[in-house]
Amino acid sequence: IRVVYLVRNPCAAINSWIQTKNEFPENDDPLTFWKNGANRKKGIEEFWGFSDWVNLTKNYNRLALEFPENVRVVRYENLVHNAIEHSHSLFKFCSLEMTSQTREFIQTSHRSHSTDPYAVYKSPDVVLNRWKKELPRQIQDEIFRELRGSNLEKYLEY
């Protein structure tokens with residue numbers, strides 16, 4: 001078994017969740033629910049909010065250290081900025097061949113941009129720091145306060 005955990009800057013991840021109409025309930029207050037995600041959780045198998053981001057990221061980082069042959073943590077931003085190289089590395093990690101068809105799909109998916117939040121055709125600009133303008137400052141400040149000095153601080157870069 002090979003596990004790949006894709007982790008995004010937590011400010012960008014929380015902002016994306018809050019900004020996506022079908023993901024964050026329209027009438028709910030982001031300042032109330034951003035941290036615990038209680039407005040979306042219907043069972044223990046659901047992971048929403050910053051606290052879940054922290055717990056999952058800590059756990060996958062630990063697993064990647066304990067089982068490097070089976071678990072890999074990949075930064076979303078790195079994958080977007082160098083999709084071919086990182087995809088090739090992930091395919092190799094999973095003992096899969098990266099074909100020319102896959103390379104062409106990755107290149108094509110980066111040449112166009114769909115505004116549909118669920119589309120795979122996105123330009124590399126998706127990692128631009130829109131969250132700096134859209135995410136409430138109070139949330140940004142709390143995320144930075146909580147992660148500064150921790151081993152998760154590296155995910156704040158970009």
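## Salt bridges, a core and a helix pair

Arg-111 counts as exposed at 59% relative accessibility (exposed is over 50% relative accessible area, buried under 20%, partly exposed in between, with a 1.4 Å probe and protein chains only). The model is predicted, so local features need pLDDT of at least 70 and side-chain atom pairs count only at pLDDT 80 or more, while totals for chains, interfaces and linings use all residues. Residues are numbered from 1 along each chain as its sequence is written, and side-chain values use heavy atoms, leaving out hydrogens and water.

Let's stay with Arg-111, whose side chain meets that of Glu-104 in a salt bridge (a side-chain nitrogen of Lys or Arg within 4 Å of a carboxyl oxygen of Asp or Glu). Glu-104 is partly exposed, with a relative accessible area of 38%. Elsewhere, salt bridges with shared partners link Lys-35, Glu-142 and Glu-146 into one network. The whole structure holds 10 salt bridges, including these:

| Pair | Closest N to O |
|---|---|
| Arg-40 and Glu-23 | 3.6 Å |
| Glu-142 and Lys-35 | 2.8 Å |

Glu-142 sits in helix α8 and Lys-35 in the loop between α2 and α3, so this pair ties together parts 107 residues apart in sequence (helices are DSSP runs of H or I with at least four residues, strands runs of E with at least two, numbered from the N terminus). Glu-142 is partly exposed at 24% relative accessibility, and Lys-35 is partly exposed at 27%. By contrast, Arg-40 and Glu-23 are both buried.

The largest nonpolar core has 22 residues (buried Ala, Val, Leu, Ile, Met, Phe, Trp, Tyr and Cys joined through side-chain atoms within 4.5 Å). Among those with the most contacts inside this core are Ile-14, Phe-50, Trp-53 and Ile-143. At least two core residues come from each of β1 (3-7), α1 (10-19), α3 (50-66) and α8 (137-147), and α1 gives the most, with 5 residues. Ile-143 touches Pro-10, Cys-11, Ile-14, Trp-34, Phe-50, Leu-135 and Leu-156, leaving aside residues up to four places away in sequence (contact means heavy atoms within 4.5 Å).

Finally, a helix pair. The axes of α5 (residues 83-93) and α6 (residues 100-111) come within 10 Å and cross at roughly 145 degrees (axes are lines fitted to C-alpha atoms over the stretch in contact, with angles from 0 to 180 degrees between N-to-C directions). In this contact, Ala-83, Ile-84, Ser-87, His-88 and Phe-91 of α5 meet Thr-102, Arg-103, Ile-106, Gln-107 and His-110 of α6.
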